[in-house]
Amino acid sequence: MKGFAAAFLVWALVSPQGGGETWPAHTACRDGNLEVLYQSCDPLQDFGFSADQCSKQLKPNLNIRFGIVLREDIEELFLDVALFAKGSSILKFSYPVCEVDLPKFSFCGRKKGEQIYYAGPVNNPGFEIPVGEYQVLLELYNRDHSTVACANATVTCS
Amino acid sequence: MAPCAGCFLLAVLFSANCKVITFLDPMCTEKEASRTYNCENLGLKEIPDTLPNTTEFLEFGFNFLPTVQNTTFSRLINLIFLDLTRCHINWVHEDTFQNHHQLNTIVLTGNPLIFMAETSLNGPMSLKHLFLTQTGISNLEFIPVHNLGNLESLHLGSNHISSINLPENFPTQNLKVMDFQNNAIHYISSKDINALEQVTNLNFNGNDIKGIEPGAFNSKIFQSLKFGGTLDLSVILKGLQNSTIQSLWLGTFEDTDDQDLTSAMLEGLCEMSVESINLQKHHFSGFSPSTFQCFTGLRELDLTATHLRELPSGLEGMSSLRKLILSANSFEQLCQISAASFPSLTDLYIKGNTRKLDLGTRCLEKLENLRKLDLSHSDIEAPDCCNLQLQNLSQLQHLNLSYNEPLGLQDQAFKECPRLELLDLAFTHLHVSAPQSPFQNLHLLQVLNLSNCLLDTSNEHLLAGLLDLRHLNLHGNNFQDGSLSKTNLLQPVGSLETLILSSCDLLSIDQQAFHNLGKMSHLDLSHNRLTGDCIDALSHLKGTYLNLAANNIHIIPPRLLLILSQQSTINLGHNPLDCTCSNIHFITWYQENLQKLEGSGETMCASPPFLRGVKLSDVKLSCGITRVGIFFLMVFVFLLIILLIFSGKSILRWKYQHI
């Protein structure tokens with residue numbers, strides 16, 4: 001048992017800085033019957049996000065605000081979304097945000113180390129969110145599969 | 001006493017001495033011994049002592065160096081590449097790089113620079129690339145010019161630059177690339193452009209250019225000019241009068257407001273010479289046959305995601321166009337692109353169509369010179385493909401139909417394109433009823449991607465006629481009973497050099513399954529459930545790259561080691577390898593042939609339990625009798641002899657006493 005404790009201590013000491021640290025939960029939007037909370041799951045850094053409107057009846061082409069420091073080049077950038085309800089997976093999809101032959105957004109091609117602030121549309125379809133609580137895992141990564149941003153979000157719709 | 005001694009002996013005989021070598025370095029990671037190191041995100045305040053003096057490539061981003069001066073990097077005089085991204089650098093003092101004669105690239109992206117000393121960049125004999133992206137620069141005078149004579153690229157994106165007017169003493173004789181992305185440049189004057197003597201690549205993306213002095217680009221030659229996200233394109237096109245440009249990027253973005261493109265706005269193109277133009281994400285306001293009248297000299301036109309539902313027939317000015325990109329639009333039928341307007345086309349890309357694309361019949365028959373056709377990700381469905389659909393494409397060499405809806409292929413399905421060299425059908429469900437041979441006439445085909453096509457692999461005629469096939473990808477297709485039998489679909493393709501059979505859920509491979517594939521140099525069998533016995537099927541192969549990662553290999557018997565020795569590179573990562581003495585021959589072989597092995601970081605023991613997760617290259621087994629063992633054995637034999645002598649003596653004595 002002692003050996004185990006010692007091993008754990010060594011592991012804790014040598015694991016990369018920031019490992020184990022958790023970032024605070026933020027509110028992306030809160031309005032009447034919908035609340036979206038998120039927390040960065042990138043051990044290296046937090047990021048800022050908010051959506052301009054927050055309603056059960058999600059409008060198409062939502063405007064968001066997003067601020068982050070890039071830790072990777074984003075000439076190519078992909079988004080993975082996984083949606084869970086009550087612990088079971090409902091939906092998973094992957095969406096290319098920036099590609100070499102189609103940089104959809106003006107921030108595509110920004111360099112590692114740049115700070116980005118994006119305020120604009122996200123080109124989402126409109127849909128109605130059914131009542132319930134959902135967990136959403138969002139991951140932004142580049143061509144080498146290096147994490148650009150990672151978020152654990154909780155959507156509560158009443 | 002005797003059983004105990006026996007146990008002891010057994011223990012000595014079978015004891016395996018195990019030694020695990022672990023290497024922990026919480027600091028920088030070594031990417032290439034004594035040359036390349038990554039020290040990012042470590043919160044370092046100085047160059048760590050662990051870095052060798054010989055370091056040439058150093059990634060040091062996201063650390064803490066508010067001041068850099070001549071002592072900061074003084075030890076690392078061999079540096080060629082230095083990345084100091086976001087290190088909170090405020091000051092770059094005099095002679096910081098004084099002794100770094102070989103330094104070729106300095107990255108200072110994302111540092112809040114307050115001041116760079118006059119001699120701060122002196123030292124390097126040939127500084128070629130300087131990144132000053134997002135460093136708060138508002139005036140180009142900020143950049144110390146003393147040692148920039150060899151500079152080839154200067155990156156000044158995301159600053160507060162409003163004028164590209166270079167200081168008079170700024171050396172530009174070698175400067176080829178200048179990046180001004182996301183600044184506040186609204187006006188470009190003749191003087192500005194004249195100062196950029198040799199610069200052939202200019203990036204103005206994300207600057208809202210409102211004016212260009214007439215004649216500023218007069219008789220200038222550029223390789224690449226980018227004006228992405230500009231509000232009014234006519235300003236740019238008028239300003240570029242009489243210039244010669246190889247590639248002109250005028251696309252816009254999802255988040256940029258722009259005016260609809262009209263024929264009048266594109267008129268400026270008549271006054272310049274452009275080879276390739278990109279107009280991605282623009283809206284065209286009404287199409288007339290004359291919209292492209294000024295595109296006559298154009299070789300490449302990229303209209304990706306330009307909201308097109310059709311192109312009118314009889315478009316003028318497109319007769320010399322070679323490459324047309326119509327990806328991410330919403331055509332309903334292929335005939336709606338009015339292919340007859342582009343008679344010289346050699347490359348056509350319509351990938352990621354946002355609606356279900358109907359291939360129709362003979363829609364591309366006027367494109368007699370077409371060499372490359374990409375129709376991937378376009379929701380194409382065709383129960384009987386592809387002769388009517390691809391009629392008259394006799395010169396076609398590359399065809400991409402991957403990521404579509406199910407296609408039904410009959411015998412000789414690509415008879416219309418007999419010159420095909422590459423055919424990509426990945427992730428498109430293919431209906432081929434046995435014993436048909438859809439690729440029958442493709443004698444020149446070299447590359448065929450059939451990954452995840454849900455093929456009927458029991459059809460032995462499926463690949464008939466592919467006389468010159470070099471590269472075949474069958475990733476993700478299943479075989480009957482999980483086994484590749486002696487007679488299989490690979491029989492007709494004897495010229496194969498690369499074969500990918502990964503994730504095919506294979507359990508076994510017949511010893512004769514590959515017997516006709518003598519030219520193979522790359523075989524990927526990863527992500528199956530194969531055991532060591534499958535290596536038997538490779539006995540006739542030599543010098544092959546062999547990927548057996550993520551299978552079910554426990555033990556590799558000694559007789560198969562010879563077959564592995566014949567190959568050039570082998571990957572055995574992620575297998576449940578046995579690290580007991582019953583696999584000792586393989587483990588010894590593995591450690592003697594480490595230079596042949598790929599992914600040795602992931603090649604680990606699965607048993608016995610106390611060695612689980614240990615790298616195979618770190619395991620030390622000794623399965624013979626050790627010196628201690630021999631000593632004890634001799635003692636044991638000696639004791640046994642004494643025991644026998646004594647017992648013999650006592651038996652004899654007992655006998656004599658009873659005579």
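Trainee: How far apart are the sulfur atoms of B:Cys270 and B:Cys294?
Mentor: Keep in mind that this is a predicted model. A disulfide needs two cysteine sulfur atoms within 2.5 Å, and B:Cys270 and B:Cys294 do form one. Their sulfur atoms are apart by 1.7 Å.

Trainee: Which parts of chain B does the pair of B:Cys270 and B:Cys294 tie together, and how many residues apart are they in sequence?
Mentor: The link has -85° about the S-S bond, so it's left-handed. B:Cys270 sits in the loop between strand S16 (244-249) and strand S17 (273-278) of chain B, while B:Cys294 is in the loop between S17 and strand S18 (300-302). The pair therefore ties together parts whose separation in sequence is 24 residues.

Trainee: What is the handedness of the link of B:Cys28 and B:Cys39?
Mentor: These two form a disulfide with sulfur atoms 2.2 Å apart. The angle about the S-S bond is 110°, and the link is right-handed.

Trainee: How many residues apart in sequence are the parts that B:Cys28 and B:Cys39 tie together?
Mentor: B:Cys28 lies in the loop between helix H1 (2-14) and strand S1 (29-32) of chain B. B:Cys39 lies in the loop between strand S2 (36-38) and strand S3 (57-59), so the parts tied together are apart by eleven residues.

Trainee: Where in chain B is B:Cys363, the partner of B:Cys335?
Mentor: B:Cys335 and B:Cys363 form a disulfide, with 1.9 Å between the sulfur atoms. The pair links distant parts of the chain, 28 residues apart, with B:Cys335 in the loop between strand S19 (323-325) and strand S20 (347-349). B:Cys363 is in the loop between S20 and strand S21 (372-374).

Trainee: Why is the sulfur of B:Cys87 too far for a bond, and which residue holds the closest cysteine sulfur?
Mentor: B:Cys87 is buried, at 0% relative accessibility. The closest cysteine sulfur is 10 Å away, which is too far for a bond because a disulfide requires sulfur atoms within 2.5 Å. That closest sulfur belongs to B:Cys39.

Trainee: What is the distance from B:Cys504 to the nearest cysteine sulfur?
Mentor: B:Cys504 counts as buried, with 0% relative accessibility. It is in no disulfide, and the nearest cysteine sulfur is that of B:Cys453, at 11 Å.

Definitions and conventions:
Residues numbered from 1 in each chain as written. Chains lettered and ligands numbered in written order. Predicted model: local features only at pLDDT ≥ 70, side-chain atom pairs only at ≥ 80, totals over all residues. Heavy atoms only, no water. Helix = DSSP H or I, 4+ residues; strand = E, 2+ residues; numbered from the N terminus. Buried < 20%, exposed > 50% of the residue type's maximum accessible area, 1.4 Å probe, protein only.
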